[in-house]
Amino acid sequence: MKTILVAGGAGYIGSHMVALLVERGYEVVVVDNLCTGHWQAVKGAKLRVGDVRDGAFLDSVFTEFKVDGVINFAAFSLVGESVTKPLKYYGNNVAGSQSMLSAMERHGVDKIVFSSTAATYGEPEKQPIEETDRTLPTNPYGESKLAIEGMLKWCHQAYNIGYAALRYFNAAGSNTDVCIGEDHGPETHLIPLVMKTALGQRATIGIFGEDYPTADGTCIRDYIHVRDLVEAHLLALEHLERGGESGVFNLGSGDGFSVKEIIDSARRITGREIPAIVEPRRAGDPSVLIASNQKAAEVLGWTPKRGLDEIIADAWTWHLNHPDGYGV
Ligand code: NAD
């Protein structure tokens, strides 16, 4: 497999995917409309600016390049916004993936790795969460990703397109070798918000609720280094290339840290004060979300190599050197 099309490759996770593929000697073509991405994040790959919902645009890219496999990161992913604007999420996420799969079918491309999410589970029934557990999303974002997983399953059956739908838990960190990192606007993820507080760009970091049934009362989440995350995508592609079975895989560390533990670790690693204030709970936040990563280990041969300290240290390096993200 030589040429990989990365849709959404100018975004946070997509740009880290591009860096890994380039490092491993692949030819990479990025398709991105730059609605939330940054052209500066695309390093060592060809960038074609356009929308995945535009079939004629995708036809031109699949004609220009002999694509062997697709990795699709292109989506909207703000959970709160999806509740107030569900059609925006169905319109981009579901229609975008449908358009991509249609183009793949037209051009005979038969492998896709897809960014799914732990939000497909909704309120979990048990911990750690396994792929066979109930999926009952509590917001349109998670629902849109679950709909795409269904579309992948049926396209696999009808058109023999192999797929791996990867349900990410919380991705963070950066690739300090090629100077890329997380620059979302608006930012909603805990670790970059803590970094911005450490830099003094925010006065405080908010802790949403400290009365959850956890040891310190704050929510527990499973954090995964973005470099480990993208390594799993490459293993998934190679698995499909070998004719491996299509399906859904959790990508998490199998371990959890509370909001207070994240803030304490960030204080230790950055040496900054990081003032925190407790705010009311947010609706729909489960107290604990931890992945079982056993299936990814057994089927893909993937285990995360980087722990929380490395995640925070790499996030800090990025934020310290790029206080305005790609704006500098
Ligand atoms: P991001 O917003 O940084 O990247 C998304 C990229 O897709 C951007 O470059 C954007 O410009 C592009 N894009 C969006 N719609 C497009 C369209 N119609 N046509 C062409 N390009 C389009 O997001 P991210 O944090 O890198 O997340 C990547 C994927 O991973 C998303 O699908 C997201 O739902 C999923 N995900 C992320 C996390 C996380 O922790 N960041 C967790 C779970 C799932």
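An oxygen atom of the ligand lies 2.6 Å from an N or O atom in the side chain of Asp 32, a polar contact in the sense of a pair of N or O atoms within 3.5 Å. This is a predicted model, in which local features need pLDDT of at least 70 and side-chain atom pairs count only at pLDDT 80 or more, while totals for chains, interfaces and linings use all residues. Residues are numbered from 1 along each chain as its sequence is written, and side-chain values use heavy atoms, with hydrogens and water left out.

**Ligand surroundings**

- The ligand is surrounded by 30 residues, of which Asp 32, Thr 36, Asn 92, Tyr 141 and Lys 145 are the closest; a residue is counted if one of its heavy atoms lies within 4 Å of the ligand.
- On its own the ligand has 830 Å² of accessible area, and the protein covers 97% of it; the areas come from the Shrake-Rupley method with a 1.4 Å probe.
- At least two residues of the shell come from each of helix H1, strand S5 (111-117) and helix H5 (140-159), and S5 gives the most, with three residues.
- Helices (H or I, at least four residues) and strands (E, at least two) are DSSP runs numbered from the N terminus.

**Domains**

- The domain assignment gives domain 1 (3-172 + 223-251) and domain 2 (190-221 + 254-327), with bounds from an automatic or database domain assignment.
- The C-alpha centres of domain 1 and domain 2 lie 24 Å apart.
- Between them, 30 residues of domain 1 are in contact with 27 residues of domain 2, where contact means heavy atoms within 4.5 Å.

**Nonpolar cores**

- The largest nonpolar core has 35 residues, and Ile 13 and Leu 21 touch the most other members. Such a core is a set of buried Ala, Val, Leu, Ile, Met, Phe, Trp, Tyr and Cys residues joined through side-chain atoms within 4.5 Å.
- Elements giving two or more residues to this core include strand S1 (3-7), helix H1 (12-23), strand S2 (27-32) and helix H7 (226-241); H7 supplies the largest share, eight residues.
- Domain 1 and domain 2 each contribute at least three residues to this core.
- Beyond its neighbours within four places in sequence, Ile 13 is in contact with Phe 73, Tyr 168, Ala 171, Val 226, Leu 229 and Val 230.
- Another core, apart from the largest one, has 28 residues, among them Val 61, Val 94, Ala 165 and Val 248.

**Backbone features in loops**

- Gln 127 and Pro 128 are joined by a cis peptide bond with omega of about -10 degrees; Pro 128 is in the loop between S5 and H5.
- The peptide bond from Gly 185 to Pro 186 is also cis, with omega near 0 degrees, and Pro 186 is in the loop between strand S7 (170-172) and helix H6 (190-198).
- Leu 34, in the loop between S2 and strand S3 (46-49), has a positive phi near 60 degrees although it is not glycine. Leu 34 counts as partly exposed because its relative accessibility is 26%; buried means under 20% relative accessible area, exposed over 50% and partly exposed in between (1.4 Å probe, protein chains only).
- Ile 274, in the loop between helix H8 (259-270) and strand S13 (276-279), has a positive phi near 55 degrees. Ile 274 counts as buried because its relative accessibility is 1%.

Notes: Polar contact = N/O pair within 3.5 Å; in protein donor to acceptor, adjacent residues only side chain to side chain.
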